[in-house]
Amino acid sequence: MSTTAGLVIRCKAAVAWEAEKPLAIEEVEVAPPQKMEVRVKILFTCLCHSDVYFWEAKGQTPLFPRILGHEAAGIVESVGEGVTELQPGDHVLPVFMGECGECAHCKSEESNLCEVLRVNTDRGGMLHDGKTRFSINGKPIYHFIGTSTFSEYTVVHVGCLAKINPAAPLDKVCILSCGFCTGFGAAVNVAKPKKGQTVAIFGLGTVGLAAAEGARISGASRIIGVDVVSSKFETAKKFGVTDFVNPKDHDKPVQQVIAEMTNGGVDRSIECSGSLEAMISAFECVHDGWGVAVLVGFPSKDDVFRTHPLNFLHERTLKGTFFGNFKPRTDLPGVVEKYMNKELELEKFITHEVVLKDINKAFEYMLKGESLRCVIRLDA
Ligand SMILES: [Zn+2]
Ligand SMILES: [Zn+2]
């Protein structure tokens, strides 16, 4: 038992008091974990686009004050009633979508969309009692997608924690808990390119480059990066991207440009930008007969996907995925092992590092498009 088990912990956290205002470093109270909950000491967390999206709070229910953050790594401090699979000292990755292990989705080999712990962006409290475990002078501070990792301590449902090899460096594997696995899994679990095939990747941010990493590991011989920002192409080369297309440089649809480059279309395509136009291009640029397109990027609320049904009749396949089809608790330990065996290169994704008090700099880097992943250190 740790000396803090069962007690309220006072620690530092970055609190979002209102939309688009810089986060404030506050001393917060973190209540002990309740039934099926775990209190985790977060050592490293990263800024992901979804944090920025909910901080801006455009087009969804604003929920403030809130502690954002979902891509992270830490160590179990104490566990609540009913938790048997984790104990203090275990190294864990919190994941915004959980795995209860009992529901129809968790029991299906084909799904990772746990019914119980599926992401719920409107929920500000814990599943068990709807209440928050964070407060400042007794005033509740809301949780974010079940993780809230911009805090030295957080409380998470046990089903949202992947227990990993304690030898893994947490300042590197923290990036596996969202963005990397989303793109990497889209490639290796869903698109599944065969050796020697050509893969197109739309959107060359962290998720797209992780998809490129997956394509590279799968043995793709040619990886075509598509992005409207040409400066991203230089970086993308380090991630195995061999060819570049900027749709703005052409006066015909990008799917036509790609078809001409590839003798009829790519074998696989992965859309990571969330732009509706790119989603349609990603589907229409795959080769007839066998091409598979995978949608990863998150659409806008009113988007409607339009394509001619003949594109399907001509034996093209369109798929979509969430978190790269990884079941967090079952599959993440294996992804960590891949990194430990030097099959994955994570370092190249980490472009910046700041300490918690400078967390707003991480937002600046991302908003300016300067960073892939900025690791925020809470271990100092
Ligand atoms: Zn489940
Ligand atoms: Zn994320």
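Which Phe residues form one aromatic cluster? In this predicted model, the cluster consists of Phe96, Phe180, Phe184, Phe239, Phe322, Phe323, Phe326 and Phe349. The structure as a whole holds 13 aromatic pairs. One of them joins Phe180 and Phe349 in an edge-to-face arrangement, with a centre-to-centre separation of 5.3 Å and an angle of 90 degrees between the planes. Because Phe180 belongs to helix α4 and Phe349 to the loop between α10 (328-340) and β16 (350-355), this contact ties together parts of the chain that are 169 residues apart in sequence. Phe180 has a relative accessibility of 0% and therefore counts as buried; Phe349, also at 0%, counts as buried.

A stacked geometry is found for Phe233 and Phe244, whose ring centres lie 4.7 Å apart with 15 degrees between the planes. Phe233 is located in helix α6 (residues 232-237) and Phe244 in strand β12 (residues 243-245), so the pair ties together parts that are 11 residues apart in sequence. At 10% relative accessibility Phe233 counts as buried, whereas Phe244, at 25%, counts as partly exposed.

Key: Residues are numbered from 1 along each chain as its sequence is written. Chains are lettered from A and ligands numbered from 1 in the order in which they are written. This is a predicted model: local features need pLDDT of at least 70, side-chain atom pairs count only at pLDDT 80 or more; totals for chains, interfaces and linings use all residues. Side-chain values use heavy atoms; hydrogens and water are left out. Rings of Phe, Tyr and Trp (its six-membered ring) pair if their centres lie within 6.5 Å; planes under 30 degrees apart count as stacked, over 60 as edge-to-face and the rest as tilted. Helices (H or I, at least four residues) and strands (E, at least two) are DSSP runs, numbered from the N terminus. Buried means under 20% relative accessible area, exposed over 50%, partly exposed in between (1.4 Å probe, protein chains only).
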